[in-house]
Amino acid sequence: MSTLVTGIAELVTNDPSLGDGQLGLVSEAAVVVDGGTVAWVGPAARAPEADERVDVGGRAVIPGFVDSHAHLVFAGDRSAEFEARMSGARYDGGGIGSTVAATREASDDALRARLRSLVAEMRGQGTTTVEVKSGYGLTVDDEARCLRLAAEVTPETTFLGAHVVPAEYAGRRDEYVDLVTGPMLAACAPYARWIDVFCEAASAHAFDGAAARAVLTAGRDAGLGLRVHANQLSAGPGVRLAVELGAASADHCTHLTDDDVDALAGGTTVATLLPGVEFSTRSPYPDARRLLSAGVTVALATDCNPGSCFTSSMAFCVALAVREMHMTAAEALWAATAGGAAALRRTDVGRLCPGARADLAVLEAPSFTHLAYRPGVPLVRALNVGYSGSGHPSR
Ligand code: NIG
Ligand code: FE
């Protein structure tokens, strides 16, 4: 059953061969969806026939957001930590331990319910692909169950046993790295596509360059793709290690040296910026313009987690990227869609061109620019229009 989606005032394809600029913009556009896949895009005046027709009434259509960095399997609440930060406390990752304790205590059903409600919250705001990390279990069994639950909602699952050194391993970091790279990795790899590590030069909680290298190479040997929490709290080895090992993404990139930027520009690793973290930890934002000028591929993601940033809104991150990091609205939207897809090494999402997944997000706006122009306003009116062939836009 094919569906012609028409009445699109502005269509973002992210395919420059289909329209104007980096976003491949088409005005007065139409899309044909067939079996959950985009079959045709172009000017409405040239649209082919289809089995049925949906008119979105002069709204903008964008590819669903690709949120390539989120921590959604957890229990507990850290709003008090946020309040303390707003009164001057610094974020150093130390609060992660309290989420670990609450997560270990929680039942599978409680974790699943929280995870599913966060994924639903994201979908309601236009996110159609999400990556989900473990990292709040930090025992063999708890990490494996967090990943098993994550795999119920997304194929983009990431093993983050090397999030912090848990309390019971205090002062025994090397032994914990042995656990992560040995039995924990073996138990988690069947449920994970990726491995990640929180790498910092000097942190009481995270992992230094040597430990991060051990974690990433073990993950690579187990067949996992690589991602790195890099250079969040200070400049350090994370970004260069990510590029050297061919990681798909170096995330945060808040504190970069010239060498880091050069490495990213010369490699295949996407720089994933998480401006919600700087907002929620009241920290200086990453220098997005420096990365873009160097030709680095930039993605935007939420980092949705109970500690450093508890937003599920990609639109909010787009608005922050424009207002605080001086990205254009087009650069920010590209980073939140095609950039996220690049960070997950996916070509079937983050764009609306023939063959791509029909993840259409219809905005209650005539143009994508409204995502930044109307911060905090829930602009996603419908998702996956024409996907089911029902003819009824659904949320
Ligand atoms: O990406 N930096 C490490 N991990 C998360 C925060 C997790 C937490 O504070 O609970 C981050 O910011
Ligand atoms: Fe994170």
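Close-up 1. Cys 253 is buried, with 30 other C-beta atoms within 10 Å. Buried means that 20 or more other C-beta atoms, placed from the backbone, lie within 10 Å of a residue's own. The model is predicted: local features need pLDDT of at least 70, side-chain atom pairs count only at pLDDT 80 or more, and totals for chains, interfaces and linings use all residues. Residues are numbered from 1 along each chain as its sequence is written, and chains are lettered from A and ligands numbered from 1 in the order in which they are written. Cys 253 sits in the loop between strand S11 (249-252) and helix H8 (258-266). Helices (H or I, at least four residues) and strands (E, at least two) are DSSP runs, numbered from the N terminus. Leaving aside neighbours within four places in sequence, Cys 253 contacts Ala 230, Asn 231, Val 239, Ala 271, Leu 273 and Pro 286. A contact requires C-beta atoms, placed from the backbone, within 7 Å. Val 228 lies 25 residues from Cys 253 in sequence and 9.9 Å away in space, C-alpha to C-alpha.

**Close-up 2. The buried face of helix H2.** Helix H2 spans residues 96-105; Ile 96, Thr 99, Val 100 and Thr 103 are buried there. Seen down the axis of H2, these buried residues fall within an arc of 105°, so they line one face of the helix. The arc is taken from the directions from the helix axis to the C-beta atoms. An α-helix has 3.6 residues a turn, so residues three or four places apart point the same way. The buried residues of H2 pack against helix H3 (108-124) and helix H4 (140-153).

**Close-up 3. Packing of helices H5 and H6.** The axes of H5 (residues 173-188) and H6 (residues 209-221) come within 10 Å and cross at roughly 10°. Axes are lines fitted to C-alpha atoms, for helices over the stretch in contact, with angles from 0 to 180 degrees between N-to-C directions. H5 and H6 are therefore roughly parallel to each other (angles under 35 degrees). H5 contributes Arg 173, Val 177, Val 180, Thr 181 and Leu 185; H6 contributes Ala 211, Ala 214, Val 215, Ala 218 and Gly 219.

**Close-up 4. An open sheet of 6 strands.** The strand order is S3-S2-S1-S4-S14-S15, with mixed pairing. Two strands pair if DSSP finds at least two bridges between them. Strands S3 (37-43) and S15 (380-383) stand at the edges, each with a single partner strand, so one side of each is left without a neighbour in the sheet. S4 (residues 52-63) and S14 (residues 360-363) pair in the antiparallel sense over 3 bridges. Pro 63 has Leu 360 as its bridge partner in S14.

Methods: A residue is buried if 20 or more other C-beta atoms lie within 10 Å of its own, exposed if 12 or fewer, and partly exposed in between; C-beta atoms are placed from the backbone. Two residues are in contact if their C-beta atoms, placed from the backbone, lie within 7 Å. Angles under 35 degrees count as roughly parallel, over 145 as roughly antiparallel, 65 to 115 as roughly perpendicular and the rest as oblique.
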